Amino acid sequence: MESSVHRRLDSVSRHLLLPSQVSNPALFPVSVKGGQTRQEEADPVVIGGMILDIHATPSIHPSPRTTTPGKVQYALGGVARNIAECMSKLGTKSYMISAVGNDMAGNMLLEYWNSAGLSTEVAAEYNIPVWFEPVSVAKSTRITSVVSNVTFASPNEDELIAMANSLCGGNRFHPIEKDNWRKCSIESLFQILKPAILVLLEKGIKIVVVTVGADGVFLCSKGSNFMRSRLERTKKHGFSGRLYDTIASNCSSSKLLGAMQAQGNSYLFAVHFPALPASVVRLAGAGDCLVGGTLASLCEGLDIMQSVAVGIAVAKRAVEAETNVPSSFSLASIADDARLVHSAAKVLFHQSML
């Protein structure tokens, strides 16, 4: 497994390096923007799966040894593809690296990708923060090979446990029993998850975003510096520019930051963001759109707390849609919901990690 992971990372790195940095130029397929790094045009790169989801729903109760009538629906999917599409619809252009088959499913995926005006080039940018989305419990363990390069991670509670155990090299943490979870307050739930969160932070991940379903999100950091920091804002137009202007002017994080009195980098800080009520249609794309909305907002220059609020607002739209990613987003509704989430956010915990 270890050598397989490193082979994949080596392959990806060759695509991200500039031509002069690659020993065999034939391995570098595309040089975006003439092979020159331009600070003012830096775009995010999404690496991962682009797949076709097939949903089969029976019309009647299925019976063994006979045909069951029903319907089959195709949905454009893959966690990385969903994140990239979500970011694009929020006005943030991203590049994507993925393997796509030369078949019916691959053709459907690429036809939509091109019709939506999404780029099929490979990025030549580098020196950017890395967001690790675990995708599943089984894939969560891959964090061990790349943890030193990860800035953000966004596990759910089961993926968090798997990541912490993998990084510890043992079976120190155990999943929460769902029956016990329902009896927990938000504070108690955080206390249960806190030891595993600390493992990720102590291994060098700067921001851990733990998604806990209908209970919302825990945003955790070692020290308050990364809660305060922002990416440099380079784009000030289009949907994403209007979203930035609306959120930045109406969702000040000063109150939350004020509660995080500067205690140095030996302190754990955690903020809880509640989920929004929604008319649930499908849950498949919710987590992907939460990450996509958060990343799009970070790339636009919002801080991590404002960005998570936007991500939760975008995730609400996803669970109310038939597709993994909604066909479009309303600036007004996203902004209104983000304000609700941000205003209800609560600094949950801060204490010394020593």
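Reader: Is Phe-218 buried or exposed?

Author: The general idea is a cut-off on relative accessible area: buried means under 20%, exposed over 50%, and partly exposed in between, with a 1.4 Å probe and protein chains only. Phe-218 has a relative accessible area of 0%, so this residue is buried. The model is predicted: local features need pLDDT of at least 70, side-chain atom pairs count only at pLDDT 80 or more, and totals for chains, interfaces and linings use all residues. Residues are numbered from 1 along each chain as its sequence is written, and side-chain values use heavy atoms, with hydrogens and water left out.

Reader: What can be said of strand 8 as a whole?

Author: Strands (E, at least two residues) and helices (H or I, at least four residues) are DSSP runs, numbered from the N terminus. In strand 8, five of the six residues are buried, so the strand is largely enclosed by the rest of the structure.

Reader: With which strands does strand 8 pair?

Author: Two strands pair if DSSP finds at least two bridges between them. Strand 8 pairs with strand 7 (residues 207-211) in the antiparallel sense, over five bridges. Strand 8 is also joined to strand 9 (residues 267-273) by six bridges, and these two strands run antiparallel. Phe-218 takes part on both sides: its bridge partner is Val-210 on one and His-272, in strand 9, on the other. Five residues lie between the strands in the hairpin of strand 7 and strand 8, where Gly-213 takes a positive phi near 60 degrees.

Reader: How many aromatic pairs does the structure hold, and how are they classified?

Author: Rings of Phe, Tyr and Trp (its six-membered ring) pair if their centres lie within 6.5 Å; planes under 30 degrees apart count as stacked, over 60 as edge-to-face and the rest as tilted. The structure holds two such pairs. Trp-131 and Phe-152 are stacked, because their ring centres are 5.1 Å apart and their planes lie at 15 degrees. Trp-131 belongs to strand 5 (residues 131-132) and Phe-152 to strand 6 (residues 152-153), so the pair ties together parts that are 21 residues apart in sequence. Trp-131 is buried at a relative accessible area of 15%, and Phe-152 is buried at 12%. The other pair, Phe-190 with Phe-218, is edge-to-face, with 5.4 Å from centre to centre and 65 degrees between the planes. This pair links distant parts of the chain, 28 residues apart: Phe-190 is in helix 8 (residues 186-202) and Phe-218 in strand 8 (residues 217-222). Phe-190 counts as buried at 1% relative accessibility.

Reader: Which residues touch the most other members of the largest nonpolar core?

Author: In soluble globular proteins, nonpolar side chains tend to be buried together. A nonpolar core is a set of buried Ala, Val, Leu, Ile, Met, Phe, Trp, Tyr and Cys residues joined through side-chain atoms within 4.5 Å. The largest core has 52 residues, of which Leu-219, Met-227, Val-271, Phe-273, Ile-304 and Met-305 touch the most other members. Helix 13 (residues 304-319) gives the most to this core, with 10 residues. A second, separate core of 32 residues includes Phe-218, together with Phe-132, Val-147 and Ile-205.

Reader: Where is Asp-288, and which residues does it touch?

Author: Contact means heavy atoms within 4.5 Å. Asp-288 is in helix 12 (residues 286-300) and is buried, with a relative accessible area of 9%. Residues up to four places away in sequence aside, Asp-288 touches Gly-78, Val-79, Asn-82 and Ile-83.
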